[in-house]
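Please view the sequence and the structure together before turning to the notes.

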Amino acid sequence: MNYPIDLKRRKLLTYAGASLASAAAFPHLSFAKNIKVKRTASADFHADIEIELKQQVTHVQILKGKKTRVWKVFGKVLKGPNESVVNMTDTYLAPTIHLHKEQKVRIYLRNNLPATSILHWHGLHVPADMDGNPMYAINSGETFVYEFEILNRAGTYWYHSHAHGVTAKQVYSGLAGFFIVSDKEEQALKLPDGKYDIPLVIQDRSFDHDNQLHYSNHMMQRMQGFLGNHIMVNGQPDSVLPVETRAYRLRLLNGSNSRIYKLAWDNGMPMTVIGTDGGLLEQPEQLPYIMLGPAERREIWVDFSRQGLGTNLSLRSTTFNVSTHGMMGRGMMGGGGGMMGRGMMGGRRRGMMSGNSIPLGGDYPVLKVKVNKKSSVRHKLPNRLTTIKPLLIKNADNPAKPRNIELSMRHMSALLNGRSYKMNDVREDEIIPVNSLQLMAFDNGYSRRHGMMSMPHPMHLHGEQFQIVKREISSSHSDYETVSSGFVDQGWHDTTLVMPGEKVTFLKPFNDFKGMFMYHCHNLEHEDMGMMRDFLIK
Ligand SMILES: [Cu+2]
């Protein structure tokens, strides 16, 4: 039998226990032996901004009482405007980085954690050796020097750990933050800015009786993904956002390991979406709710001038059905069987439960909003926000033959085209010519005849943003109706949710940079289980 994941290492991770403190006991694996890790600044790179990001273990006041031990990134501007880095207090969250298009940035990542680590700039178009591929991970005490120019358009990007096999745990412990890019075109729109432009990262966490973060990765949590018992917004539980009677721009990021949100206002207001992963949409789009898979971003416009002073409302995640289609099928049970808890056997159910965690697909508040201040400022949402040049299938290298990426789960592993992640293991069909446009598709059981275990997978590609061409769903998946009105497929994306039985076709450019660029599931438990591969651009 083929065991594509390193079972020995898996065991180690499992036995290392659930406490974060045990992370220190992880073996220091050096993947950097044959890789050129950049440790010093280049004389010929003239940085406009220099930033130091220091990763270390610290204790922060998240809950009342005892402080919580977290892995935190502390940021400092070494050169350039101080407001380029905003540190976050009383939370595990990494600082928010604000940069402008065309700025050249040098970032010194200093790893003072008791583990190997590396940061990836999620959604940014940067050279392969600056992208935070796990092969560039640095050991405790080491420094990695990033140097790149901001080529992306204005948008809500983010950054997070991408360490081999332990990304889930490292992101959970705190290694993730916003990376916000502005540009002239966006500034000319005069959207709400300053304190009326609010990045909000939604995550779930579990705390033990001692206020410490609890991360469990027993088998069921690995297959399904970690689900916590607290919803955190900007690293705080029970978040309340005080607002004025005026318009706001809210930048929503799902920074959770695996939780999918179906976000809606509880007073029936539609969600007015103005941007996706890769920046503003051409026109605002109104939806009854938005689906937000791990790593996805949606910018929304909301005008509280219609609410009276003193109004309370909330952003909720509302119910949807989670297909566990074929959980008992052949694919799952071949390896050992019986590993999925009783509650999972129903075939499909509303609200997947795991311990005392908040069920996936349940109904729960995410953010409470209190309208507590009057404002006379009136903003009109522009009808047109930008112009997005559509990518055309006829310009793709392979207009008639999309590169299919089949998503599957079996034998306690999660696979892409039947393969698991291995460093430096590029196959023929994973080689892509530089400066080409590729027609691609993520197929999550749409074309398969036999039902295997099917779960939603938030699929992410490194490098340039892509455009979604179409979604197709196989007729047997009735659960789809509970989510289908929440997709925003216009605009630019770097991550897309692919539901059970669904196939998502997209056009992805591979311009400018040669080298290894990853594609993977952003359910971080799936990623660590091996649902990740590299493309070699050459
Ligand atoms: Cu997945």
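A contact means that heavy atoms lie within 4.5 Å. Among contacts in the chain between residues at least 6 apart in sequence, those joining residues at least 24 apart make up 80%. The model is predicted: local features need pLDDT of at least 70 and side-chain atom pairs count only at pLDDT 80 or more, while totals for chains, interfaces and linings use all residues. Residues are numbered from 1 along each chain as its sequence is written, and side-chain values use heavy atoms, with hydrogens and water left out.

**The chain as a whole**
- Six helices and 33 strands occur in the chain; these are DSSP runs (helices H or I, at least four residues; strands E, at least two), numbered from the N terminus.
- Buried residues (under 20% relative accessible area, 1.4 Å probe, protein chains only) account for 63% of the 538 residues of the chain.
- The chain has an accessible surface (Shrake-Rupley method, 1.4 Å probe) of about 20600 Å², and 50% of this belongs to carbon and sulfur atoms.

**Strand β14 and its two faces**
- In strand β14 (residues 247-254), eight of eight residues are buried.
- In a regular strand the side chains alternate between the two faces of the sheet.
- One side of β14 carries the buried residues Ala-247, Arg-249, Arg-251 and Leu-253, and the other carries Tyr-248, Leu-250, Leu-252 and Asn-254, also buried.

**Partners of β14**
- Strand β10 (residues 197-205) pairs with β14 in the parallel sense over six bridges, where pairing requires at least two DSSP bridges between two strands.
- Arg-251 in β14 is the bridge partner of Pro-199.
- Strand β19 (residues 297-303) pairs with β14 in the antiparallel sense over seven bridges, and Arg-298 in β19 stands opposite Leu-252.

Note on methods: Buried means under 20% relative accessible area, exposed over 50%, partly exposed in between (1.4 Å probe, protein chains only).
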